[in-house]
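Open the model in your viewer and keep the sequence panel beside it. This tour tells you what to select next and what is there.

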Amino acid sequence: MLSAAVVVSYSLGGGFARAARRADLPDIIARFDDEPASLIAARIRSLPDIARYSLSYEETGVELSFGSHASGAGVAELLERPGRGQGYALLAGRELPARGADVLVERGLADAWGIHLGDQIDVGGLGPERVVGLVEAPDDVAYPLAAPRVYLSRRALGARLGPERDGRVNLAGIWLRNPRYVNEVLSAARSISYGLRNVQYATRAAVRILLDQAAGIVIDLLVALSLISLLTAGVLLAASARAEVQRRLRALGVRRAVGESRAQVALAQALEGLLVALPACTIGVVAGALATGGPVARLLMLLNEPPAGASMWPPLVGAWLAGVALPAAGAAWPAWRAAREPAISLLRGGELGRARHPRSSLRRAVALAAAPPRRLSRPAAPARGGLATLGVRLVAARRARLLATVLMLGLSTGFVLLMLALASELSALQTDPGALGRRYQLAAALPPGMAPRVRQIPGVRVATPRYDVHAADSFALGVSVEVIAYPGNHLTFEAPPLVSGRRLRGVDQAEVGAGLARALGLSPGARLALALPAGRELRLGVSGVVSSLLDDGRVAYVPAAALLRADPQAPSQLAAVLAPGADQAAVAHALARLGGASAGAASALVGAATEPNGRGAPLVRVLRTVLVAIAAVDGLVCLYALIQACALTVFERRRALAVLRACGASWTGLARVLMGAALALVLPAAALGVPLERYVFGPALSRLAESYAVLPLAASWPPVAVVLAGLALAAAITVVWVALSTARAPVVEGLAER
Amino acid sequence: MLSCRAVKDAVLQARDLVKTVGSGRAARRLLDGVGLSVTAGEVVAILGRSGSGKSTLLHLLGGLDRPDAGSITVAGEPLTGRRGGALARIRLRHIGFVFQQFQLLEELSGLENVLLAAQLPGAPAGGVRRAAELIDALGLSAVAAHLPHELSGGEQQRFAIARALVNDPELVLADEPTGSLDAENGAAVLEILRGLRDRAVVIVTHAPEAAAIADRVLRLVRGQLHEHENISLGDVD
């Protein structure tokens, strides 16, 4: 578990830094509508502190096909000067040459479509292009989370096809001499971006924050889980070592009597522990790394980040050392404590650590001496629960261990419930746009004036323009904000749940996403100042904070009137809410026909509102697999802890159980005792774990994820029932396993124990 | 009167028992053709020096260990060749053990220790009533609710005897029952064992006092049982 946590944490935690370093990611990435390269170059050169820059043209909606795979939503980036410093890292092959029909393919696309170096791929009607290299660009996630992406040499393309779009660019990468001044440079960039349309800036820091947030939840959970597992393993190992030392007390006494020092005795025990720990820990570390290595590598590829490679070795070796040192220290410590006693005491046997008799204390002794003898006033009644009660008492005799094991099982129960709830909610996210707060089913790239005609399409309940503008915060220009506006009540079309405050009521108010609120420290009543691409500023009061998946919660819902006052040319689509039972495909077809009538909208996007989710399906699948795998591993850890705790109790009390067997207890009698012991561990754990998930873990993770989606993560009763059944099964397995193994041991060995 | 039941003769029969411990050059034949028959109401004391195999013989007779050769029958039920579950059932219904160290479970009161054997799955009915009677008869009512560490050695051993008798067994096997007691308590315990007249009782012991209450005294010498009169003094403790 520890090595699994190390692999996931280290791989995901440092993934972006590795990717950014390898790709030499620009400090600022600017996107804008097509402009002459000379104009953009001049503007950039006028900025302060510029180390270098790159220009390229990004063509979207490009037809890409390879074998049986095809996509009409591809992205082709035409590079002015292919080579290092373009914001991507070459993973295999070579750079684009100045001439020839060659192409670089993003690794995620190559992996998904099975493209290899030397293959030929059709790019936007250019004909077959030879794949000469595989790349990754950490400023975006990979295909299929994002659009399929290829890179071409603009010079080579120009040489083949003539100067089409020559000199026009829509993407710039800027490297600063001192990245600390990125805000100042952004401010200057905005001041000189007059005349440019749809300018969007992204900084390296902003990209890292987004990716770190996504990985952070998984990493935090895994680290917490592995620490709990480590703690439990430590408690159980220490208890096991203590029992072993107790058994060998006389042997220790002999060694002390013949002159061995206390340190030598402890060292010998440590070496014994080491002999067991070395192979066990090596196998554990390798197994953990292998189990998580595959899914994590896949996740990294989807995030366009490189694997940790050899840099993973130091933390893994650290985990291995911790795993080896813990049992060795756990074995040495009881021996060290025991060896401080005089040799003669050890030779006589006795109790390690002077374990207390149950209910014994000075007060108890005094009360006992003073009290009259207790007599049986009537025929003896059987102790309630009988053998099971004995099991409870045997386990309860070691209170610290009982507490640690119950705590571990309870926390694990909570974690397993959380994983199952999360996996279930992720499935819902894939198919339920309502989870994103989105209520319209279709959006069409049609002008606002077409709204009445769209409303007349059979199956359309209501349609209205949806304005969507990428702005920046006026005071933190690196923070981009997606500004969404509807002419009327936006709740009909998008109703992200309200986290705090109230819905917007006036033309000067806005609802902000939780991600934006957290990034800018906004709360209801605060002022939001947005720098719009058109150059105007929009200032609104924050009426409430909403939970939205869009743009990681960096979103603001504003009244259309306010947005259009600041930017009358704000781009829009028509959003349509369908009537119940309407044929979505038929409505989409009708929308496409409407769009076909107007020039420029021929490729009119008619997309299901759930499309972003559909594109995220592979990530959701990988995450769900990781979560279920974590739940399964945690379940196995629970089973191990339960078996180990019961086996340890049996080991420590083997003489008592041998007496029971001498009295005639078969394995079923032992099973009853162990059932009591297992229930003493499992029932409090269930009582702890279920409320912990429902009232602590679930709501906490829901708050963490509120900028992504509405995730009601308090487990419902079906998963609770599944987990409780799992605990019962674990208890049953433990009881049968330990009872059978105990019954196989000779009775006389137990009786011979002191 | 501790209990009444109809019993048959020859509750315990052992024939040609062989048991070797250790292996290779360290192998040692502890029992070499031991035969023993004990009838109901008979108290047999087995004496022998330390390491002579007395406890091993007792374990074999109680089905706690298996002989290398020979046969054992308790209350008409053969022990040899039986599986662990069957041996446990025979111990439960027909055999009671008394140990030198009492072997009471420290988490349970004296009464609960006695009831423990009666609550095992398959135990004969009436265990609760018998437990109350035994505790009363052995003079333990005043301390029935006390934990073992709150009891004297004699009280602990009397609870151990009550536990051995709670399922009304035909055979009682006692391993050094007075070994951890002073002379006074030891004598009281022997008196109780002597009083189990309708059962077969086998006592292995160092103590010559134990021999005094026995109907028959045997000595285990060089792996074989001999009548008391047939051995020289140098062969015993």
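Select chain A: among contacts between its residues at least 6 apart in sequence, 84% join residues at least 24 apart. Two residues are in contact if their C-beta atoms, placed from the backbone, lie within 7 Å. This is a predicted model, in which local features need pLDDT of at least 70 and side-chain atom pairs count only at pLDDT 80 or more, while totals for chains, interfaces and linings use all residues. Residues are numbered from 1 along each chain as its sequence is written, and chains are lettered from A and ligands numbered from 1 in the order in which they are written.

Color by secondary structure. Chain A has 24 helices and 20 strands. Helices (H or I, at least four residues) and strands (E, at least two) are DSSP runs, numbered from the N terminus. Of the 754 residues of chain A, 47% count as buried. Buried means that 20 or more other C-beta atoms lie within 10 Å of the residue's own, with C-beta atoms placed from the backbone.

Now select helix α13 of chain A, residues 387–396. This helix is mostly covered, with nine of its 10 residues buried. Among them are A:L387, A:G391, A:R393 and A:V395.

## Where the chains meet

Show both chains. The contact takes 36 residues from chain A and 37 from chain B. On the side of chain A, the elements giving two or more residues are α13, α21 (654–662), α22 (667–704) and α24 (747–752). Which of these gives the most? It is α21(A), with five residues. Color the chain A side by class: 24 residues are nonpolar, seven polar and five charged. Here Ala, Val, Leu, Ile, Met, Phe, Trp, Tyr, Cys and Pro count as nonpolar, Asp, Glu, Lys and Arg as charged, and the others, Gly among them, as polar.

## Chain B: overview and sheet

Chain B has seven helices and 10 strands. Of its 237 residues, 51% count as buried.

Select β2, β1, β4 and β5 of chain B. They form an open sheet in the order β2-β1-β4-β5, with antiparallel pairing. Two strands pair if DSSP finds at least two bridges between them. The edge strands, β2 (28–38) and β5 (77–78), each pair on one side only. Eight bridges join β1(B), residues 12–21, to β2(B), and the two run antiparallel. Zoom in on B:L17: opposite it in β2(B) stands B:V34.

Eight of the eight residues of α1(B) are buried, so the helix is largely enclosed by the rest of the structure. B:K54 and B:H59 are among the buried residues. Next, click B:G63, which follows α1(B) and has a positive phi, near 75°.

## A helix pair in chain B

Finish with α5 (153–165) and α6 (183–194) of chain B. These helices pack at an angle of about 15°, with axes 9 Å apart. α5(B) and α6(B) are therefore roughly parallel (an angle under 35 degrees). Show side chains at the contact: α5(B) gives B:G153, B:G154, B:Q157, B:R158 and B:I161, and α6(B) gives B:N185, B:A188, B:V189 and B:I192. By class, that makes four nonpolar, four polar and one charged.

Key: Axes fitted to C-alpha atoms, helices over the stretch in contact; angles between N-to-C directions. Parallel < 35°, antiparallel > 145°, perpendicular 65-115°, else oblique. Buried ≥ 20, exposed ≤ 12 C-beta atoms within 10 Å, placed from the backbone.
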